[in-house]
Structure formats: C-alpha cells, structure tokens
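Below is a short briefing on one protein model. Please read it alongside the sequence and the coordinates.

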Amino acid sequence: MPHLAEGIDRFRREVFPAKAGLFAHLATSHRPGTLFIGCSDARVVPELITQTDPGELFVVRTAGNLVPAHTPGGDAVGAAIEYAIAVLGVRDVIVCGHSACGAMTALAEGHDLTAAPAVADWLRHADASLARARAAGGRDGVTGLVRANVVAQLANLATHPAVARALAEDSVRLHGWVFDIASGTVEELTGARPAHAA
Ligand SMILES: [Zn+2]
C-alpha cells in the first residue's frame with residue numbers, strides 16, 4: 001500500500017499547510033456538531049459527500065450502518081453514541097444508508113453467510129429492517145431494504161438513553177439519509193424520524 005504513504009506525504013506538504021489554522025484550533029478543541037452514522041463501505045465517505053472539514057463530524061461506521069438497540073452492558077457503538085450526545089453535545093444525528101450496500105444485498109437476496117458467521121450475527125440487527133421491507137411487499141428489493149433499514153436504525157438509535165433524553169429535551173434532531181453512489185446524490189427520508197423527534 002505504498003500509495004497510502006505517498007498520500008500522507010502529500011497531505012503534510014500540500015493539504016495541511018492550507019488548513020494549519022484550523023488544525024491549530026482543533027489541537028485543543030473537539031466540538032463536532034453532528035454525529036454521522038454510516039456504512040463501513042469504502043465508497044461512502046462522510047466528509048467527502050458532505051464537504052465538511054475535520055472537526056465537524058463525529059463518525060461511526062458499521063457494516064450496513066446498523067445501530068444495535070440499547071442493551072445493558074454497553075458496546076462500542078453505544079459508547080460512541082453516548083459520548084457524541086452526552087459529552088460532545090452534538091445537535092444532529094444522521095443515519096446514512098447507501099445504494100448497492102453489501103450488507104443489505106446479502107439480506108434482501110438471502111445470501112449464504114455460513115462462511116461469515118460474525119457477519120451473519122451482526123446482520124441480525126437488521127431483523128426489523130427486513131420485517132419492514134417485507135411488510136411493504138419487498139417489491140423494491142435492495143433499494144427498499146436500504147430505506148427500511150435507515151428507518152429501523154433510527155428507531156434503534158432512539159432506544160439509547162442519551163438519545164432518548166436529548167430527544168425529550170428537544171436538543172437533538174435525527175435524520176435519515178440515503179446516498180446514491182452512481183449519481184452522488186443524497187436523499188433525506190422524510191417521516192423517517194421517531195414521532196417525538198423534531
Ligand atoms: Zn453498506
């Protein structure tokens with residue numbers, strides 16, 4: 001992966017100097033305004049598609065942009081959500097799905113995941129997504145499941161106490177997005193938010 005080392009070198013020589021003031025500020029300040037929960041997919045780059053600078057997005061990326069519902073005991077995703085909302089005080093949370101998602105394709109098309117048992121286990125966090133898509137007739141295949149999954153993960157998000165508290169205090173807004181890789185467009189899913197969200 002020599003191109004990564006070349007990228008670091010080019011960043012230091014060409015990109016960093018142009019943002020030196022920003023990085024000097026960020027060296028002692030971490031106040032992102034938005035928690036962005038997206039898929040680990042290499043084609044979905046939050047800072048690129050939103051054209052945001054370092055320091056603006058607190059990012060969590062998981063396979064299938066899945067957000068496990070709150071459970072006692074905690075997990076990495078729950079800890080990141082709690083930190084972003086309760087400590088950093090982000091005002092907006094985005095769950096972003098995307099076209100041609102491998103996780104959603106595997107579920108929609110019923111792929112055999114016996115060789116990837118950890119993936120199969122993880123994708124159980126999309127059970128409600130599948131149920132929603134099937135209740136709608138499943139006519140839209142992967143595309144329909146991607147959308148249903150964003151809605152279902154927003155509901156899971158709202159089960160986390162820090163999110164529930166922020167929603168009750170009207171201090172955070174939840175958003176559901178779908179990024180289309182082929183066209184570069186982002187669709188905001190209206191009606192995707194829990195009823196008590198702004
Ligand atoms: Zn994906």
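A100 sits in the loop that joins β3 (92-98) to α5 (102-108). The model is a predicted one, in which local features need pLDDT of at least 70, side-chain atom pairs count only at pLDDT 80 or more, and totals for chains, interfaces and linings use all residues. Residues are numbered from 1 along each chain as its sequence is written.

**Loop residues with positive phi**
- A100 is not glycine, yet its phi is positive, near 55°.
- A100 counts as partly exposed, with 14 C-beta neighbours inside 10 Å; a residue is buried if 20 or more other C-beta atoms lie within 10 Å of its own, exposed if 12 or fewer, and partly exposed in between, with C-beta atoms placed from the backbone.
- N65 also has a positive phi without being glycine, with a value near 40°.
- N65 belongs to the loop between β2 (57-62) and α4 (76-87).
- N65 is buried, with 29 other C-beta atoms within 10 Å.

**Packing of α4 and α9**
- The axes of α4 and α9 (residues 161-168) come within 8 Å and cross at roughly 30°; axes are lines fitted to C-alpha atoms, for helices over the stretch in contact, and angles run from 0 to 180 degrees between N-to-C directions.
- α4 and α9 are therefore roughly parallel to each other (angles under 35 degrees count as roughly parallel, over 145 as roughly antiparallel, 65 to 115 as roughly perpendicular and the rest as oblique).
- Their crossing is left-handed, a term used if the near helix is turned anticlockwise from the far one by less than a right angle, with right-handed for clockwise.
- On the α4 side I81, E82, I85 and A86 take part, and they meet A162, V163 and A166 of α9.

**Fold and overall dimensions**
- The protein has nine helices and five strands; helices (H or I, at least four residues) and strands (E, at least two) are DSSP runs, numbered from the N terminus.
- The radius of gyration is 18 Å, close to the 16 Å that the globule rule gives for 198 residues, so the protein is as compact as a globular protein of that length; the radius is taken over C-alpha atoms, and the rule is 2.2 Å times the number of residues to the power 0.38.
- Along the principal axes, the C-alpha atoms fill a box of roughly 55 × 45 × 35 Å.
- Of the 198 residues, 31% count as buried.

**Domains**
- The protein is divided into domain 1 (1-29) and domain 2 (31-188), with bounds from an automatic or database domain assignment.
- The centres of domain 1 and domain 2, taken over C-alpha atoms, are 29 Å apart.

Key
Two residues are in contact if their C-beta atoms, placed from the backbone, lie within 7 Å.
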